[in-house]
Amino acid sequence: TVTTLIRNAASNDDERPAPNVPESCQRFYKCESAGMADQELTYQFQERKLGDVSFAHGTVQQIWNGSYLYASHGSPSNFSAFCFTQRAPLQQNQEARGVT
């Protein structure tokens, strides 16, 4: 189940699943829409000093909807590390982007 998948991912010792679904996951799944879940996940990344991580809205929507694609038993393939990228800095030189 999805709950087992989350508890396994939240495990501290790699031997046993976490006893409960983490509160951060509960906040994410209690969102009323995928858009709100996107904002919640962005906020959680910022809380952990990972505000420069970016992800496609489709990735968040799939997680929130529980639309997991499995390439092999027990291994969801649509949530690889390649779904998350580093955002471009907000304070970059805007002149370099202009057309001359």
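Helices (H or I, at least four residues) and strands (E, at least two) are DSSP runs, numbered from the N terminus.

## Model and overall layout

This is a predicted model: local features need pLDDT of at least 70, side-chain atom pairs count only at pLDDT 80 or more, and totals for chains, interfaces and linings use all residues. Residues are numbered from 1 along each chain as its sequence is written, and side-chain values use heavy atoms, with hydrogens and water left out.

The protein has four helices and four strands. Along the sequence they follow the pattern α-α-α-β-α-β-β-β. Of its 100 residues, 21% count as buried (under 20% relative accessible area, with exposed over 50% and partly exposed in between; 1.4 Å probe, protein chains only). Contact means heavy atoms within 4.5 Å. Among contacts with a separation of 6 or more, 41% join residues 24 or more positions apart.

## The nonpolar core

A nonpolar core is a set of buried Ala, Val, Leu, Ile, Met, Phe, Trp, Tyr and Cys residues joined through side-chain atoms within 4.5 Å. The largest one here has nine residues: Phe 28, Cys 31, Ala 37, Leu 41, Phe 45, Val 53, Phe 55, Val 60 and Ile 63. Helix 3 gives the largest share, three residues.

Cys 31 is in contact with Met 36, Ala 37, Glu 40 and Trp 64, leaving aside neighbours within four places in sequence.

## Helix 3

Helix 3 has 14 residues. It reaches 20 Å from first C-alpha to last, close to the 20 Å expected at 1.5 Å a residue (1.5 Å times one less than the number of residues). Its buried residues include Ala 34, Ala 37, Asp 38, Glu 40, Leu 41, Thr 42, Gln 44 and Phe 45. Lys 49 follows helix 3, with a positive phi near 65°.

## Helix 4 and its packing

In helix 4, Thr 59, Val 60 and Ile 63 are buried. Seen down the helix 4 axis, they fall within an arc of 95°, so they line one face; the arc is that of the directions from the axis to the C-beta atoms. Gly 66 follows helix 4, and its phi is positive, near 80°.

Helix 3 and helix 4 pack at about 105°, with axes 9 Å apart. Axes are lines fitted to C-alpha atoms, for helices over the stretch in contact, and angles run from 0 to 180 degrees between N-to-C directions. The two helices are therefore roughly perpendicular (65 to 115 degrees; under 35 is roughly parallel, over 145 roughly antiparallel, the rest oblique). Ala 34, Gly 35, Ala 37, Asp 38 and Leu 41 of helix 3 meet His 57, Val 60, Gln 61 and Trp 64 of helix 4.
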